[in-house]
Amino acid sequence: VQGLKAEVEKNGYAAQTLDDVLDFLKWVFFFIKGLLAVFGGIGLVVSFFGIANTMLMAVLERTREIGVLKALGARNRDIRRIFLCEAFAIGFLGGLVGLGFGWVAGKIVNAILSKVAERELDVFLVTPMLAAGVIGLAMLVAGIAGIYPAWRAARMIPVDALRRD
């Protein structure tokens with residue numbers, strides 16, 4: 001194909017092959033993937049701070065409970081584990097909800113595209129590996145966001161925690 005293109009161009013004509021079009025489309029899709037990655041990164045940062053804020057509020061609202069637990073003999077690591085488990089649970093549930101919305105949206109878009117193309121199309125597909133990756137990443141982000149609140153809860157002094165209203 002490239003030899004034929006060179007021969008046509010040698011005769012003074014412009015030539016374009018399917019490979020030229022596909023190379024252009026590769027760059028377009030590369031740009032779109034990059035743009036989606038940026039939006040995804042922004043979403044992860046926002047969710048990180050949202051989870052950290054939620055966990056810090058949970059620590060402040062349950063100060064007396066933490067004080068009671070510590071007064072009853074709970075160790076710092078026990079308190080840390082409680083709040084980290086809660087953060088992981090938030091990440092797991094958030095990942096499941098996001099995955100569910102993505103799956104439903106993909107099914108809707110696939111149905112619309114199939115109607116337009118007048119044949120069965122599966123453009124958006126959620127594989128088990130993708131689902132596990134989404135839930136794992138959500139739990140990782142939530143776990144990292146929960147480290148500081150869990151550390152802060154574990155460092156509370158029981159007497160001070162019990163005095164608070």
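**View 1. The largest nonpolar core of the predicted model.** Among the 16 residues of the largest nonpolar core, those touching the most other members are Val59, Ile66, Ile79, Phe83 and Ala153. A nonpolar core is a set of buried Ala, Val, Leu, Ile, Met, Phe, Trp, Tyr and Cys residues joined through side-chain atoms within 4.5 Å; buried denotes under 20% relative accessible area (1.4 Å probe, protein chains only). At least two residues each come from helices H2 (18-61), H4 (76-117), H5 and H6, and H2 gives the most, with five. Helices are DSSP runs (H or I, at least four residues) numbered from the N terminus. The model is predicted: local features need pLDDT of at least 70 and side-chain atom pairs pLDDT 80 or more, whereas totals for chains, interfaces and linings use all residues. Residues are numbered from 1 along each chain as its sequence is written, and side-chain values use heavy atoms, without hydrogens and water.

**View 2. Surroundings of Ile79.** Beyond its neighbours within four places in sequence, Ile79 is in contact (heavy atoms within 4.5 Å) with Ile66, Leu69, Lys70, Ala74, Ala153 and Ala154.

**View 3. Packing of helices H5 and H6.** H5 (residues 128-145) and H6 (residues 147-154) pack at about 40 degrees, with axes 4 Å apart. Axes are lines fitted to C-alpha atoms over the stretch in contact, and angles run from 0 to 180 degrees between N-to-C directions. Gly143, Ile144 and Ala145 of H5 meet Ile147, Tyr148 and Pro149 of H6.

**View 4. Ser114 in helix H4.** Ser114, found in helix H4, counts as buried because its relative accessibility is 12%. A polar atom of the Ser114 side chain lies 2.8 Å from the backbone oxygen of Asn110. Not counting residues up to four places away in sequence, Ser114 touches Arg119, Glu120 and Leu121.

Conventions
Buried means under 20% relative accessible area, exposed over 50%, partly exposed in between (1.4 Å probe, protein chains only). A polar contact is a pair of N or O atoms within 3.5 Å; within protein, one must be able to donate a hydrogen and the other to accept it, and residues adjacent in sequence count only if both atoms are side-chain atoms.
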